[in-house]
Amino acid sequence: MRHARYIAMAGMILGILFAVANAADSGGGKIRLGYVITDEDGNLSVNHETYNLYEGPSVSLEDFRYLMNNGMNLSADLKNISLNNRNLNASLFKPGLFGISLNNQQYRRIYNFDGDKFTRRRTTGGQAYVYPIRQVKIYGGYSQTDRFGQDEYIIPPFGEHLLTATDYSHKSFNVGGQATFTKGSLTAEYRRYDFTDDAMANSDREAQVVRVNAFAPVPFYKRLALSGGYQYREDKHDDPYVFLKNNTGWGGARWYLPHEYVFEGRFMAARTDETNRLVTVDNYVSTVSISRNWPKYGGLRVGYENRIADDIYNRTSSDGYLFDGWLRYFPKLLIRARLALRNKSVTDGETLVGDEDLTRHQISARYKLTDWGDVALSWQGKVKTNDEIDTRVDYNAVTAEVNLSREAYGRISLTYSYYQGSYDNRTEAIPNDYEFYDHVFTGSVYPVEYRKVQVWAGATYYRSKRDRDLEKIGGYVGARYTLPRDYQIEAKYKVYNFDNFLVTDEYYTGNIINVYLIKSFAI
Amino acid sequence: MGSMYRHMRKPNTLALIIMVVAASVCFSVARSDNGVTVDDATCLTCHDGMDKTLANGPHRLASEIENPAVPVACEKCHEGAAEHVDNPSRETIKTVAEMPAHDAVQLCSQCHVAHVALDNYGLDAHAVQELNCADCHRVHGTSPKLLLDDNAKFCEKCHQDKVTDGMGRTSHPIRGGFVTCLSCHRFVKRQSDDLAYQMQGTCRSCHPEQAGPFLYEHDAVNAYSVENGGCTECHAPHGSENDRLLKQPGQMLCRQCHMVPAKHLYNQAHGNAWARYDCTVCHTAVHGSFDSNIFLDPNLEARWGGHCFNCHSLNQ
């Protein structure tokens with residue numbers, strides 16, 4: 001019944017689109033009719049690519065656009081109308097005057113071997129805006145996310161199964177206005193959230209937000225732009241009864257200095273109160289940065305961030321430093337580097353975590369091959385140390401990629417990523433250090449169309465040794481043949497294989513075949 | 001009397017909407033003059049067919065529309081048209097894609113509030129990389145928001161490592177277009193309204209069940225400008241080998257920041273239960289709680305049986 005309702009709704013959208021289209025100018029799109037065949041064996045909860053696949057006939061309207069003489073534009077992209085993995089988007093707009101958009105989509109996540117324990121997330125929403133005058137935009141929207149079903153959680157290391165029901169609905173509504181003027185704007189918005197949970201008692205809550213934000217260059221000194229805003233938010237939780245009030249103010253400045261220097265600064269101050277329990281939480285954030293650009297050749301930036309979090313029990317302070325830059329000294333070679341440091345200390349009271357030190361570093365190089373594509377190499381790392389418990393987490397990722405493209409032949413892409421990390425408990429009171437690594441290979445080939453036949457293929461190999469020992473292989477191949485009178489036939493085959501070598505029931509093999517008849521049409 | 005005044009003060013929503021729409025139409029009719037020096041027909045004499053590339057998108061030429069709402073014309077974006085008519089070389093005309101990034105932003109922001117202007121709070125990685133508007137948008141395009149690709153695949157050009165992350169055991173539903181890069185990464189880096197509540201707004205929009213604000217917040221979900229933090233402290237949003245996109249499963253994740261308390265280690269009451277179970281079996285509310293400042297499940301006794309709270313308390 002539920003399916004019938006949504007198919008009817010999609011049909012109605014299609015009907016409206018065609019009805020309007022008949023009365024107007026020009027347009028077109030593609031109708032895709034097909035069938036999806038799924039042949040799966042093993043544990044249906046281990047391969048995320050196939051969670052949301054359904055076997056059966058598939059109907060889609062893709063890239064539909066219709067133009068009217070008065071400049072109105074109707075567009076729709078309605079994928080898998082007949083299946084439970086639908087993804088529907090439609091909009092009607094006239095640039096600079098008004099716009100309306102609607103969307104509905106549904107996604108399934110499987111949690112058990114047989115696939116009968118799953119949750120489904122359904123999102124439906126609409127947005128609209130109108131410009132009563134060119135400088136003023138009034139907008140509003142509604143969105144509803146429903147998630148329902150059964151969620152199975154397996155508790156390691158002995159694999160006890162914990163089964164929980166999920167059934168919640170989250171609705172949000174907003175309305176606002178934006179006035180724009182020379183290089184500046186003023187925005188005011190009201191937003192409301194409602195969260196209701198039918199599966200878990202005492203989880204319902206609601207929130208309201210009023211927000212005002214503005215930015216503008218300083219009159220007669222346009223090198224300096226200022227911004228600022230204020231927000232009031234209240235949250236109500238039913239049981240236990242909690243009523244939170246939050247006031248937040250912020251401001252920022254960007255100052256374009258001579259010689260391509262740019263100074264930026266911002267601050268934010270927030271206070272959250274809960275009057276019944278006399279809880280007050282203050283947050284203060286301030287950042288400054290200065291950058292220097294050499295247009296086309298490079299740039300450097302240095303930044304500092306300070307954050308203070310203060311509640312009635314503890315006060316923590318963190319200092320963060322940022323250094324980043326890019327260099328294109330040789331026109332074909334672009335190098336980027338970034339280093340971010342943050343240390344957090346407990347200045348009052350005692351927290352469970354205590355003082356922390358974090359470092360993140362990143363460097364990448366990309367070389368552009370003339371006419372043929374590019375080659376890239378990147379490395380990123382993160383180090384996290386905690387002095388209180390004397391531990392260190394070290395994480396590194398290296399990625400190499402080659403993308404070759406030539407109009408006469410097509411394109412080919414190859415990527416290899418290696419991830420390596422370690423956890424080191426230096427107290428040795430608990431000898432539980434460990435290391436982990438992942439390898440990921442991907443490749444794809446997309447040659448040019450030959451005698452009305454387009455083919456493509458690709459593959460992925462994934463090997464991971466962390467707390468599990470996983471191997472995953474995927475491959476796909478597809479072909480499309482163009483027939484007379486704007487018809488096309490398309491066939492796709494995908495294969496997935498998954499193995500967890502440490503857990504006997506975590507294996508999966510899937511063969512997915514899609515066959516489509518595509519008709520491009522013009523009105 | 002009071003009820004009568006209340007009735008009179010009640011706004012008539014329908015009337016308001018009609019007024020707004022009527023005003024919109026009136027204004028749209030009123031502004032048809034686009035004030036260009038070289039008309040589109042002149043440009044199309046040589047650049048035949050370029051109007052067709054604009055026809056399906058929001059930059060459709062005003063000269064082709066009855067009552068255009070915005071005066072889009074070739075010369076509005078291509079500066080130098082007058083000189084170009086006399087001297088039709090590539091050097092005499094400007095195109096967005098070939099402009100320095102700063103100039104492109106200035107040009108586009110005549111009609112659009114530029115991202116870099118909205119991001120007046122700084123530290124935007126793209127703003128300092130000399131990225132031109134045309135690096136992500138195709139002015140002569142038809143896709144939503146004129147992006148080079150509907151599913152933001154242009155991001156892959158520089159962020160291929162994130163794509164390979166998605167090949168892992170779990171990932172967001174990028175396939176099928178249910179989630180795209182732009183679902184989470186907003187170029188307009190607005191001042192987060194969630195800093196005060198210590199939960200990232202990006203994740204909140206799809207995962208409200210985990211979102212605060214809570215009476216007792218978990219400090220780990222604080223987000224920082226320079227060195228991340230927040231939800232990504234525990235979750236790998238692009239892909240992971242673990243359920244729920246966790247960076248590590250079970251205890252291993254918690255122990256990166258927390259030491260296992262001594263009372264868990266040496267208390268035999270549960271048969272060394274700490275060694276058997278994940279921390280989150282009892283500390284269920286790791287995203288924040290209204291009941292417990294150590295995030296214990298208030299329904300622990302009901303779930304597992306026994307008398308947990310005879311020895312333990314919800315708060316410490």
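How many nonpolar, polar and charged residues are there in the lining of the second largest pocket? I began my entries on this predicted model with that point, and I found 19 nonpolar, 9 polar and 5 charged residues in the lining.

**Entry 1, the second largest pocket.** I noted a volume of about 800 Å³ for the second largest pocket, and I counted 33 residues around it, with His47(B), His78(B), Ile93(B), Thr95(B) and His140(B) lying nearest its centre. I then looked up which helices take part, and found that helix H3 (40–46), helix H4 (50–55), helix H5 (74–77) and helix H6 (81–86) of chain B each supply at least two residues of this lining. Of the elements contributing, H3(B) gives the most, with 4 residues.

**Entry 2, the contact between the chains.** I turned next to the two chains, where I found 108 residues of chain B in contact with 131 residues of chain A. Between them chain B and chain A bury about 10,900 Å², and 51% of that lies on carbon and sulfur atoms. For polar links I recorded 12 residue pairs in polar contact between chain B and chain A, both residues being at pLDDT 80 or more.

I counted 9 cavities of 30 Å³ or more, and for the largest cavity I wrote down a volume of about 110 Å³. Of the 13 residues that line the largest cavity, those closest to its centre are His170(A), Tyr193(A), Arg205(A), Arg233(A) and Gly212(B), so named residues from both chains are found there. Strand S9 (184–197), strand S10 (205–218) and strand S11 (221–237) of chain A each supply at least two residues of this lining, and S10(A) gives the most, with 3 residues. By class, I found that the lining of the largest cavity divides into 6 nonpolar, 2 polar and 5 charged residues.

How values were computed. Residues are numbered from 1 along each chain as its sequence is written. Chains are lettered from A and ligands numbered from 1 in the order in which they are written. This is a predicted model: local features need pLDDT of at least 70, side-chain atom pairs count only at pLDDT 80 or more; totals for chains, interfaces and linings use all residues. Side-chain values use heavy atoms; hydrogens and water are left out. Contact means heavy atoms within 4.5 Å. Buried area is the accessible area (1.4 Å probe) that two parts lose on being put together, summed over both. A polar contact is a pair of N or O atoms within 3.5 Å; within protein, one must be able to donate a hydrogen and the other to accept it, and residues adjacent in sequence count only if both atoms are side-chain atoms. On a 1 Å grid over the protein atoms alone, a cavity is a set of points where a 1.4 Å probe fits but cannot get out, and a pocket is an open set with protein on both sides within 12 Å along at least five of seven lines; lining residues have an atom within 4 Å of a point. Grid points are joined across faces, edges and corners, and a volume is the space filled by probe spheres set on the points. Ala, Val, Leu, Ile, Met, Phe, Trp, Tyr, Cys and Pro count as nonpolar, Asp, Glu, Lys and Arg as charged, and the others, Gly among them, as polar.
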